[in-house]
Amino acid sequence: RSSLQLILTGFFLLALLLIIGQLAAITSVDRLAREGRDRVYGAADALHLSQILVTDVTSLERAARQYQVVRDPALLQVYAERRARFRENAQRLGALRLTEAQRQRLETLVDEEARVYAALLRGPAEELRRGVETFPALDVLARSVLAESGNAISQAVEHIQRNANATKWRLIYHALGLIPAALILAGVYSLPINRPIAQIARAI
């Protein structure tokens with residue numbers, strides 16, 4: 001009876017080792033998948049919003065130049081509506097995970113556009129002209145933010161590949177560690193199990 005208990009205990013501990021290894025593998029893969037998904041989705045959102053920002057800047061420039069020529073208050077209202085959309089998209093982009101350079105360019109873009117809008121509101125011709133002539137620089141800023149967002153997609157994919165490779169080797173090392181642990185456990189339990197078997201064999 002004691003031999004049977006030892007055998008069952010040994011099998012239980014071996015099974016426990018295998019279950020622990022399996023749970024560790026599942027946890028590692030799940031964490032890798034979740035982190036990879038979050039990174040790729042975040043980078044894709046940043047790219048999409050950056051593309052919209054480039055379009056917003058072009059739309060703002062068109063409205064500002066029309067207002068510069070006609071000085072129609074209705075065109076200034078059009079600019080204000082487009083500006084609200086631009087600032088909302090910039091705020092949404094700023095809430096995402098960005099690089100430091102990307103965030104600085106985005107903040108500069110928003111600050112410079114605010115100066116343009118102030119010039120449109122004040123109205124002197126020379127100040128208005130300088131404000132409108134700022135748009136090519138704003139377009140460059142918006143496109144640099146877009147380029148950074150494109151790079152972020154590539155960086156997210158590279159990060160996932162590195163993590164996948166690290167997880168693969170971690171699981172391999174873990175599996176290799178289970179082999180000697182199982183052998184040691186089997187050796188430890190084989191000694192007390194073999195002793196009564198040997199006694200029975202001698203008695204026979």
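Trainee: Which residues of H2 are buried?
Mentor: This is a predicted model, and in it the buried residues of H2 are Leu75, Leu76, Tyr79, Arg83, Phe86, Asn89, Ala90 and Leu93. Looking down the axis of H2, they fall within an arc of 140 degrees, so they line one face of the helix.

Trainee: And what is exposed on the other side of H2?
Mentor: Pro73 and Gln91 are exposed there.

Trainee: How far apart are the end C-alpha atoms of H2?
Mentor: They are 31 Å apart.

Trainee: What caps the N-terminal end of H2?
Mentor: Asp72 does. One of its side-chain oxygens lies 3.0 Å from the backbone nitrogen of Ala74.

Trainee: Where does Arg71 lie?
Mentor: Arg71 is in the loop between H1, which is helix 2-70, and H2. With a relative accessibility of 36%, Arg71 counts as partly exposed, because that class covers values between 20% and 50%.

Trainee: Back to packing. How do the axes of H2 and H3 cross?
Mentor: They cross at roughly 165 degrees and come within 11 Å. Angles over 145 degrees count as roughly antiparallel, so H2 and H3 are roughly antiparallel to each other. The crossing of H2 past H3 is left-handed.

Trainee: Which residues of H3 are buried?
Mentor: Gln102, Leu106, Leu109, Val110, Glu113, Val116, Tyr117, Ala119 and Leu120.

Trainee: What span should H3 have?
Mentor: For its 23 residues at 1.5 Å a residue, 33 Å. The end C-alpha atoms of H3 are 33 Å apart, which agrees.

Trainee: What follows H3?
Mentor: Gly123, with a positive phi near 95 degrees.

Trainee: Then at what angle do H3 and H4 pack?
Mentor: About 155 degrees, with their axes 8 Å apart. That makes H3 roughly antiparallel to H4. H3 passes H4 in a left-handed crossing.

Trainee: What is buried in H4?
Mentor: In H4, which runs over residues 125-132, the buried residues are Glu127, Leu128, Gly131 and Val132. Down the axis of H4, these fall within an arc of 135 degrees, so they line one face of the helix.

Trainee: Changing topic, I had Lys168 marked. Where does it lie?
Mentor: Lys168 lies in H5, the helix formed by residues 135-203. Its relative accessible area is 42%, so Lys168 is partly exposed.

Trainee: How far apart are Lys168 and Ser28?
Mentor: In sequence, 140 residues; in space, 9.3 Å from C-alpha to C-alpha.

Trainee: Last thing, the overall count. How many helices and strands are in the protein chain?
Mentor: Five helices and zero strands. Along the sequence, the pattern of the chain reads α-α-α-α-α.

Trainee: And how many of the 204 residues count as buried, as a percentage?
Mentor: 29% of them.

Note on methods
Residues numbered from 1 in each chain as written. Predicted model: local features only at pLDDT ≥ 70, side-chain atom pairs only at ≥ 80, totals over all residues. Heavy atoms only, no water. Helix = DSSP H or I, 4+ residues; strand = E, 2+ residues; numbered from the N terminus. Expected span 1.5 Å × (residues − 1). Buried < 20%, exposed > 50% of the residue type's maximum accessible area, 1.4 Å probe, protein only. Arc of directions from axis to C-beta. Polar contact = N/O pair within 3.5 Å; in protein donor to acceptor, adjacent residues only side chain to side chain. Axes fitted to C-alpha atoms, helices over the stretch in contact; angles between N-to-C directions. Parallel < 35°, antiparallel > 145°, perpendicular 65-115°, else oblique. Left-handed = near helix turned anticlockwise from the far one by under 90°.
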